[in-house]
Amino acid sequence: MAAKHHDLVKFTKKYKGELHEFFLDMNRWKKFKTRHKLNWQKLRFGQANHSSIPTQRGIYAFTVELSPTKLPGHGYIMYVGITGDESNANLYKRYAQYLRALKNEDGRPAVLYMMKNWRDHLFFNFVPLPDTSIDLHTIETAFINSVIPPVNKRDLEAHIVSAKAAKF
């Protein structure tokens, strides 16, 4: 007869390997504010949806979601970024850069891990903001500091970076 916990080590290693940290502070989330209306659109991330991405500047977020599912709708904001704030880049071009990085298996390690590990469950959420008077960096920083996405390593307030670095 096998011991009660005969697979404990195997299962523990498996679960630890799939353990990822997410920030969940509803008060911080509520503090996110912008005077601009953000009409989010969402597409499953992949080559098939590239042509549906607009050629405008804007803000975007990668989310991991199980869809379709028999569970209540839910997911995680994994990464937040902007494009076109200081260059002539746009959402369409930025999306293409991510597709290329995935294909070539290069780029930032955490972003590549996100794209490869959850490739079948990854969504690209975006808001075109063509008005060049809108400071995308300010919106991005406020958004990142509110939700603290696990893949974002930069663009966080110094006290958040320090706290993340200090935890173990």
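Tutor: Let us begin with rings: those of Phe, Tyr and Trp (its six-membered ring) pair if their centres lie within 6.5 Å, and planes under 30 degrees apart count as stacked, over 60 as edge-to-face and the rest as tilted. By this rule there are 14 aromatic pairs, and one aromatic cluster is formed by F45, Y60, F62, Y79, Y95, Y98, F124 and F126. This is a predicted model, in which local features need pLDDT of at least 70 and side-chain atom pairs count only at pLDDT 80 or more, while totals for chains, interfaces and linings use all residues. Residues are numbered from 1 along each chain as its sequence is written, and side-chain values use heavy atoms, with hydrogens and water left out.

Student: Why is the pair of Y60 and F62 called edge-to-face?

Tutor: The ring centres of Y60 and F62 are 6.3 Å apart and their planes stand at 85°, so the pair is edge-to-face. F62 also forms an edge-to-face pair with Y98, with 4.9 Å from centre to centre and 85° between the planes.

Student: What makes F62 count as buried?

Tutor: Buried means under 20% relative accessible area, exposed over 50%, and partly exposed in between (1.4 Å probe, protein chains only). F62 has 0% relative accessibility, so F62 counts as buried, and Y98, at 2%, therefore counts as buried too.

Student: How do you know whether W29 is buried, exposed or partly exposed?

Tutor: The relative accessibility of W29 is 34%, so W29 counts as partly exposed.
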